[in-house]
Amino acid sequence: QRVAAGEVLTELDIAHAVGPAALAEPGLVVVALSDPLARNVAAGQRVKVAADGVVLADQAEITEVIDDVIFVAVPDREAVAVAAAAQHGSATLLYLP
């Protein structure tokens, strides 16, 4: 999250880990994917991940965006399917309100 100049920092504002998984909650796995149709995505957005007409992860959160790579935290049990779809280029994001 962004912190303004002079704002007080708390334990919740500081990530103890480094890298794309730094902002993921325990029990989640971060998968890198590329969705060429994704626009204006940002860390903290809640999404679903789908491929070939099937929802692979119905509770996911974007943790980081670097260039065209979107890092998404998904439940551990769904991470392998999301990673396989990402590798094949078929993973896409479904945006939640």
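Reader: Which residue of β5 does K48 stand opposite?

Author: The model is a predicted one, in which local features need pLDDT of at least 70, side-chain atom pairs count only at pLDDT 80 or more, and totals for chains, interfaces and linings use all residues. Residues are numbered from 1 along each chain as its sequence is written, and side-chain values use heavy atoms, with hydrogens and water left out. Strands here are DSSP runs of E with at least two residues, and helices are runs of H or I with at least four, both numbered from the N terminus. β2 and β5 pair in the antiparallel sense over four bridges, where pairing requires that DSSP finds at least two bridges between two strands, and the residue of β5 that stands opposite K48 is L94.

Reader: In what order do the five strands of the open sheet run, and which are the edge strands?

Author: The pairing in this open sheet of five strands is antiparallel, and the order is β1-β4-β3-β2-β5. Each edge strand pairs on one side only, and these edge strands are β1 and β5 (92–95).

Reader: At what angle to β1 does helix α1 run?

Author: Helix α1, residues 76–88, lies across β1, β2, β3 and β4, with contact taken as heavy atoms within 4.5 Å. Axes are lines fitted to C-alpha atoms, for helices over the stretch in contact, and angles run from 0 to 180 degrees between N-to-C directions. On that basis the helix runs relative to β1 at about 5 degrees.

Reader: Is I70 buried or exposed?

Author: I70 has its place in strand β4, and, leaving aside neighbours within four places in sequence, its contacts include V31, L33, I62, V65 and L93. The C-alpha atoms of I70 and V31 are separated by 8.2 Å, although the two residues are 39 apart along the chain. Buried means under 20% relative accessible area, exposed over 50%, and partly exposed in between, with a 1.4 Å probe and protein chains only. Because the relative accessible area of I70 is 3%, this residue is buried.

Reader: What is the phi of N40, which is not a glycine?

Author: N40 is found in the loop between β1 (28–33) and β2 (46–51). This residue is exposed, with a relative accessible area of 76%. Its phi is positive, at about 55 degrees.

Reader: Where does D67, with its positive phi, lie?

Author: Phi of D67, a residue other than glycine, is near 55 degrees. D67 is exposed, with a relative accessible area of 75%. The place where D67 lies is the loop between β3 (54–66) and β4 (69–75).
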